[in-house]
Amino acid sequence: MEYFAVQGGVPLEGCVAVHGAKNSALPILAATLLAPGEHVLHNCPDLTDIAAALAILSCLGCQVRREGSTVVVNTIHRRGCAVPDRLMGQMRASVLFLGSLLASSGEAIACWPGGCALGERPIDLHLRALRLLGAEVLDRGGRLSCRCPRLRGNRIVLPFPSVGATENAMLAACGAQGVTEICNAAQELEIVDLQNFLRACGANISGGGTQRIVVYGGVPLHPGEHSVMPDRIVTATYLCAVAAAGGEGELLAAQGGAVAPVLQALTAAGCQIWETQRGLAVRRQGALRGIGPIVTAPYPGFPTDAQPLLAAVLAKAQGESAITETIFDRRFRYTQQLCRMGARIQVEGDTARICGAPLQGASVKATDLRGGAALTIAALGAQGCSQVYGLEHIDRGYERLETALGCLGGRIRRTTR
Ligand code: EPZ
């Protein structure tokens with residue numbers, strides 16, 4: 001069994017590059033099905049979730065190859081419209097293949113998607129959007145069968161700005177005849193990146209990054225070449241690592257505007273963060289102080305994916321902090337593990353109340369991706385040695401996190417027991 005062996009309590013000093021965004025690359029890989037030919041995706045991170053998306057494309061007859069951080073997907077010989085259960089169950093984003101399969105072949109067959117256990121994660125908004133575009137969607141005991149030989153554009157009003165449902169609607173709308181309007185769309189930067197890729201393929205789509213996206217569908221698309229945006233949650237992770245351990249680090253390719261609420265919170269907690277010619281730099285010399293209240297919200301609010309990372313920093317700050325989670329109903333499971341390191345955190349309903357305390361190394365286990373990153377951050381800031389288990393969660397979203405944190409001066413090794 002693999003784990004991270006972390007020697008904490010040592011201030012960081014170093015420089016690390018931020019890799020491409022998982023949550024941008026995944027919908028873009030699904031989008032490659034929309035056009036026959038050879039797509040080129042630069043800055044595509046090497047993660048297990050990306051490997052799962054590439055495996056789905058391979059099962060559908062596409063040829064995929066990786067050359068460093070560039071992935072080439074040739075969809076010319078694609079066939080079939082069924083995604084194997086084993087691959088659907090590996091991650092949540094597999095649900096995006098429903099939209100792109102429907103748009104490109106008029107049919108999609110799959111089971112319900114897997115993904116991090118963050119609470120109830122229904123897909124009703126995805127299925128509703130596909131139905132509004134004319135698809136017949138049958139759900140027989142968790143087996144989904146979507147059919148529509150000819151999708152038609154429509155007005156889709158999302159009751160909640162779901163990231164995945166917005167992306168699925170964009171993908172399906174590209175294959176629908178006529179105009180589709182997606183109202184109350186998610187405004188996350190990854191949506192803009194997907195729009196940029198679709199435009200590179202010739203799609204007529206606008207409004208990504210606002211609440212109203214308009215797609216003029218039914219236009220034949222061609223293969224696209226695109227560079228995936230830097231990962232904003234990985235950026236937040238490295239910033240929080242320096243904040244927790246102290247010291248100074250530079251993050252190459254990091255974009256401050258993409259993580260503005262995280263910068264604000266870390267600055268309030270006692271960090272200095274500034275833009276450099278190559279990205280962002282962060283320094284923390286004095287003591288951390290408690291802040292709050294922080295409330296997670298859809299973009300441009302405080303990102304839910306960064307709340308465990310910030311909690312790991314605030315756990316050792318002087319004073320009290322409070323974080324309220326409004327997106328997922330079970331995203332505080334990692335706090336129990338943080339408490340094993342000496343953190344004083346009480347979860348009451350949707351709010352975690354953190355009373356800063358010194359942390360000590362401990363043996364802890366990740367229960368989901370960002371929770372695992374939070375435990376690693378806390379371990380860097382804790383006195384003594386820690387063992388962080390559950391690396392299969394962390395590897396879904398971080399490209400060799402131990403190497404990256406090592407570049408920042410962290411004493412961390414991947415070890416097998
Ligand atoms: C995306 O998940 C990200 N995943 C998540 O990143 C991220 O936490 C989340 O957006 C919010 O920013 C990918 O992009 C692959 P949602 P997604 O649909 O699309 C409810 C990470 O760590 N909902 O915006 O699944 C849902 O239950 C991950 O990288 C419905 O009720 O998020 C949740 O409460 C984890 N019905 C809320 O909406 C639906 O049909 C937000 O979900 C869809 C969603």
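This is a predicted model: local features need pLDDT of at least 70, side-chain atom pairs count only at pLDDT 80 or more; totals for chains, interfaces and linings use all residues.
Residue numbers start from 1 along each chain as its sequence is written. Local features need pLDDT of at least 70, side-chain atom pairs count only at pLDDT 80 or more, totals for chains, interfaces and linings use all residues, and side-chain values use heavy atoms, with hydrogens and water left out.

**Ligand**

Next, display the polar contacts (pairs of N or O atoms within 3.5 Å). Pick R370, where a polar side-chain atom lies 2.8 Å from an oxygen atom of the ligand. For R92, a polar side-chain atom is 3.1 Å from an oxygen atom of the ligand.

**Helices α4 and α6**

G164 also belongs to the next stop, the contact of α4 with α6. Select residues 96-105 for α4 and 163-174 for α6; helices here are DSSP runs of H or I with at least four residues, strands are runs of E with at least two, and both are numbered from the N terminus. Their axes come within 7 Å and cross at roughly 10 degrees; axes are lines fitted to C-alpha atoms, for helices over the stretch in contact, and angles run from 0 to 180 degrees between N-to-C directions. The two helices are therefore roughly parallel, a label for angles under 35 degrees.

On α4, colour L96, L98, G99, S100 and A103; on α6, colour G164, E167, N168, L171 and A172. These residues are in contact (heavy atoms within 4.5 Å), and they divide into five nonpolar, four polar and one charged, with Gly counted as polar.

**Helices α1 and α2**

Move to residues 22-31 (α1) and 48-59 (α2), whose axes come within 10 Å and cross at roughly 0 degrees. That angle makes α1 roughly parallel to α2. K22, A25, L26 and L29 in α1 meet D49, I50, A53, L54 and L57 in α2. This contact has seven nonpolar residues, no polar ones and two charged.

**Backbone features**

Select N43, in the loop between β3 (38-42) and α2. N43 is not a glycine, yet its phi is positive, at about 55 degrees.

Then go to P293, in the loop between β16 (279-284) and β17 (294-295). A cis peptide bond joins G292 to P293, with omega about -5 degrees. Finish at P300, in the loop between β17 and α10 (307-314); the peptide bond from Y299 to P300 is cis, with omega near 10 degrees.

Definitions and conventions. Angles under 35 degrees count as roughly parallel, over 145 as roughly antiparallel, 65 to 115 as roughly perpendicular and the rest as oblique. A polar contact is a pair of N or O atoms within 3.5 Å; within protein, one must be able to donate a hydrogen and the other to accept it, and residues adjacent in sequence count only if both atoms are side-chain atoms.
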